[in-house]
Every structure is written in structure tokens, then in C-alpha cells.
Amino acid sequence: MISVRNWTHQISEGSADLTLKALEQSLWSDTLRDWVIREITEYILARKGTFVDSRRPHQVQLDKRDMMRALVNSFRLALDRKQISRPVLHTLLRAAFANYLDEMQDQQSKNAVQEFARKHQNQKPPNLLVVSPTRTCNLRCTGCYASAGPSGERLDWPLFGRIVSEAKKLWGVRFFVISGGEPFAYRSEGKSLIDLAKAHRDCFFMTYTNGTLIDERLAGCLAETGNLTPAISVEGFEQRTDARRGAGVFKRILAAMGHLRSAGVPFGISLTATRENAEEILSDRFINFFFDEQQAVYGWLFQYMPIGRAYTMDLLVTPEQRLWMWRRTWQIIRERQILLADFWNCGTVSEGCIAAGAPGGYLYIDWNGKVMPCVFVPYAAGDIREVYRQGGTLDDVYELPYFRAIRRWQFEYGLGKQRPEEHSNWLLPCSLRDHYAMGRGLIDAYHPQPEDEAAAEALHDEAYRRRFIQYDRELEDQFGHIWEEEYLNESPVAAGADARH
């Protein structure tokens, strides 16, 4: 029987392939699985620096611990349900787990991280890269952040491949997020997203997709390839989803999920919370339907950001809704151990904003090669094509002044704090949505290029600026005392309250 302490030692001694094979076989076994997962969980949670960190408020450490337990539980449940094919399990262990256990990193990744630190003042590199290789989409959804549609804009295949290869070589990245447009509509030189995944089998890819192009054939390809998981967008139940995405889309989504279940491809859901649907997508009925009946393995929750096609402040969740969503999301994570992460309300897990190449964070590259701090901050510090033409690399992109300024703010806001009581509020992590005056000040100072007309229009919309600044004041009124009382209060009661939300 495999021992977690033994296999981490064996990996460090150079026998990683044999040890990971044994781990894979144990996880595939219905008899050994629970024991192995329990051992892995306890080993991960005992590691210092992430879940035990004297610099961070105790409740931050508990949030990280509970999110990790939800992740592991979701993984275990997917194995129990036979939702994960052998090729998928094989790749997950070698790529995705390396993000959590340094011992499981391949030597190339370790060398890249060490070299990055040497070149960049002992900083950790980004942990992932988000790429939207095409703006083309077969749907035309209301309020699309990318203003996607029947567009020919795309990254050429050689450029797409170079970006991925370089992120691996220079930063040690093994996890890539693919967005769009509709990623499964990507075509260049006869190549598709599946071809990219096959060309980089040492990596794991997650793609945000509307799901309507996932038929039985594509699901079979995903199962065989083994290193790509779809996160399918839903807006709520059938009425809300079809209202935004088009008649019949909800039924096509459910059909896609059925194909993925049958093929052994784990999938998740991607939710956009608005003022109109926030309560629906966090209801027991909705959670039960998608995580129990449809067997989604994970979920990402994005609060509507007023950018892109027909942006409007009127769809923002209210500050009161956001506070309710924060409590409700953590209730689901803690009580049901479902991996459901809200990229704003779960900011304590990521230690605040992860944009602009933050340590362990990411950068975003769109279909035109524009490099932005975040999908939801559509202002480009540079163009990867121009960087390459001048003989540069992703390291040069990382050092662009606009990105450095955002990282400096992240450091001053929380990452650089050495004592819990010094911390700024990671319940309000976003450099633009939660701190619009500051984020807009950086845009005005460094003049990044708007991604599209909608992004440019927002910069000239004075009402938009005023409403966002007022919105942030109201958020502070809602969350300021929560941070003080439930995170900075280090009393024994607070420290021992594992699931009080």
C-alpha cells in the first residue's frame, strides 16, 4: 500500500514516474481510494506556508483549508461516479497536482521557477495563463464580456503554440485556461483546441465554453486526449439561460453534459451572477440539479462586470446581494464540500487579486495578441505579436510598466503584509471592480490600450465612473466590519469557528 510520505520522498529521489503510477492505480481502486485521498489531503493541509501562515489572518487560513477540502472531495466524488477516464486521471496527477505539491513538479518546471526568481527579484512566476484564441462564437449572448460573435479574429496556430510553449519553458506553467469567443470554434491551419491539448500532454487545460458544440464525437476526443475539461456556461435554469443565450441552448447544454458523463470527461459549470439571477444560481434547487443530477465536478462564479457588449451598471449585484452571496457560497463550500469558487467573494483563498502576473496568478492574452492584466480588466499593456517581433518573450510582457504597477498595489494591499492585523480587506480583492478609483488611476497613468470600443467607451463615461466609485463605498460599508470582526479578530472563538458563515 502506498504511503504519501514515501511517495513524496521517492519523487524527490527521482522515481516520480513509478510512484505516480502507483498513486494512479490506488486512486482508480474502489478499495484504496478513500484511504489514499485522506492521506493526500492531510499531507497537503500540513504543509507550512499555505495553510499554516503566521502572516495571514487565521480565518484566511481556514478559508484556504476548506476550499482545498472541497476540491479534494469533488475529485473523489468524480472518481466514485466513474466520471474520470484513465487518460484524464493520468494527466491530472502529472499536471494539475503539480500546482499544489512542489515535489510533483517535473524538473523543467522547477528549473523555470528557479530561473524566474533569479531574474525577477526572487518573485514567483504566474501559475497559469489565460488565452482567448478566437473571438468567433456560434452564439451572440446579451452582455458578452468579449463582444463575441461571427468574427474571424484569432491567434494563428504557430503563435498560439508558441505562447503555451514559452509559458511552460519560462514560467513552469502546466495549467492553462482557454476562453473566447467559443474555444471549440477555434480553427487555424486546420488545427483546433484538441490539437493544442494533444501537443502539450504534460499540461492540463480548462476551457470556458457555451457547450453547444460538444457532441458525442467531441466528448470522445476529450476523453481520449485526457487533459482538457470544459466549464460550461449557464445563467440559471432554462428560462434564464435561454433568455441570454438563445432559445434551446439550455437543452443543448444538458445534452453536452450527458455526452461528457458517458465519455468519462469531468466538467464544471461557469456562472455569471447578476442582480437578476444571484439567488437562483445559489439556491438549493440549482446546486442539487447541476452538482448532483448533472454531476458537475466544479463551478466558477463570476459576478457580472460591466464591460463588453451593451455593458450596464444595472446588472451588477447589489452590495447587499454580494454579502448574501459571500455567506451562501461559503456555506455550500463548507457544508457540502462542493468546489464552487466566486472570484471576488473567495478572494481570501487566492490572497487577493491574481491579475497582472501576480505570484501564482495569471496574465490574459486575447485573439488579437493583446496582453491584459485580467479578463475583466480589458486594457492592454502590450501586444504579444509586437513583443515577439522585437525579439522579446513572455518575460518582457511580465515586466511591462502597467503590470508592474498593479503588482505593486497587490503587494502594498496585502501580499507584502507580515502581520495579520496589518492586512487590507481581501473580501474586496479586485483592483478595478472593488477599487475603481485606484484601478482607474493606474489606467490614466499608464494608458493601456482598450481591448475594444466598449472598453474605450467606459473610460469616457463619467456616469459610469461616478457609479462605480459610489458602488465601492457601499461595498466597504457592507464588508468592512466583516473583515474586522471575522478575519482580524484573533480571539479563540473566531479562530475556532470553522463554518460560521
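This report walks through the fold of a predicted model, from the whole chain down to single residues.

## The chain as a whole

The protein chain has 501 residues, and 60% of them count as buried. Its secondary structure comes to 21 helices and 12 strands.

## The ten-stranded sheet

An open sheet of 10 strands runs in the order β7-β6-β5-β4-β3-β2-β1-β8-β9-β11, and its pairing is mixed. At its edges are β7 (340-342) and β11 (382-383), each of which pairs on one side only.

At the β11 end, strand β9 (residues 370-372) runs antiparallel to β11, and two bridges join them. Here Val371 stands opposite Gly382 of β11.

Strand β4 covers residues 228-234, and seven of its seven residues are buried. On one side are Leu228, Pro230, Ile232 and Val234, while Thr229, Ala231 and Ser233 are on the other, so that both faces are covered.

Strand β3 (residues 204-209) is parallel to β4 and is joined to β4 by five bridges. Within this pair, Tyr208 stands opposite Ala231. To get from β3 to β4, the chain passes through helix α9 (residues 216-225), making a β-α-β crossover that is right-handed. Strand β5 (residues 268-273) also pairs with β4 in the parallel sense, this time over four bridges. Val234 has Leu271 in β5 as its bridge partner.

## Helix α13 and the loops around β6

Helix α13 lies across β4, β5, β6 and β7, and runs at about 155 degrees to β5. Between α13 (284-293) and β6 (298-303) is a loop that holds Gln294. Is Gln294 buried or exposed? Gln294 is buried, because its relative accessible area is 9%, and the cut-off for buried is under 20%. Leaving aside neighbours within four places in sequence, Gln294 is in contact with Leu254, Met257, Arg261, Phe267 and Phe289.

Another loop, between β6 and α14 (319-336), contains Tyr304. Tyr304 has a relative accessible area of 4%, and therefore counts as buried. Tyr304 and Thr274 are 30 residues apart in sequence, yet their C-alpha atoms are 5.4 Å apart in space.

Helix α3 (residues 33-46) packs with helix α4 (residues 58-80) at an angle of about 160 degrees, and their axes are 11 Å apart. Why do these two helices count as roughly antiparallel? Their angle of about 160 degrees is over 145 degrees, so α3 is roughly antiparallel to α4. The crossing of α3 past α4 is right-handed. From α3, the contact is made by Arg33, Asp34, Ile37, Thr41, Glu42, Ile44 and Leu45, and from α4 by Arg65, Met68, Arg69, Val72, Phe75, Arg76, Leu79 and Asp80.

Helix α17 (residues 401-415) has a set of buried residues, among them Tyr402, Phe403, Trp409 and Tyr413. Others in that set include Arg407 and Gln410. The buried residues of α17 pack against β9, β10 (379-380), α16 (394-398) and α18 (436-446).

## Backbone details to look at

A few places in the loops deserve a zoom. Gly180 and Gly181 are joined by a cis peptide bond, with omega about 15 degrees. Gly181 is in the loop between β2 (175-178) and α8 (193-199).

Which residues other than glycine have positive phi? One of them is Gln337, with phi near 50 degrees; another is His447, with phi near 55 degrees. Gln337 is found in the loop between α14 and β7, and counts as partly exposed at 30% relative accessibility. His447 lies in the loop between α18 and β12 (449-450). With a relative accessible area of 64%, His447 is exposed.

How values were computed:
Residues are numbered from 1 along each chain as its sequence is written. This is a predicted model: local features need pLDDT of at least 70, side-chain atom pairs count only at pLDDT 80 or more; totals for chains, interfaces and linings use all residues. Side-chain values use heavy atoms; hydrogens and water are left out. Buried means under 20% relative accessible area, exposed over 50%, partly exposed in between (1.4 Å probe, protein chains only). Two strands pair if DSSP finds at least two bridges between them. A crossover is right-handed if, with the strands pointing away from the viewer, the path from the first strand over the helix to the second runs clockwise. Axes are lines fitted to C-alpha atoms, for helices over the stretch in contact, and angles run from 0 to 180 degrees between N-to-C directions. Angles under 35 degrees count as roughly parallel, over 145 as roughly antiparallel, 65 to 115 as roughly perpendicular and the rest as oblique. A crossing is left-handed if the near helix is turned anticlockwise from the far one by less than a right angle, and right-handed if clockwise. Contact means heavy atoms within 4.5 Å.
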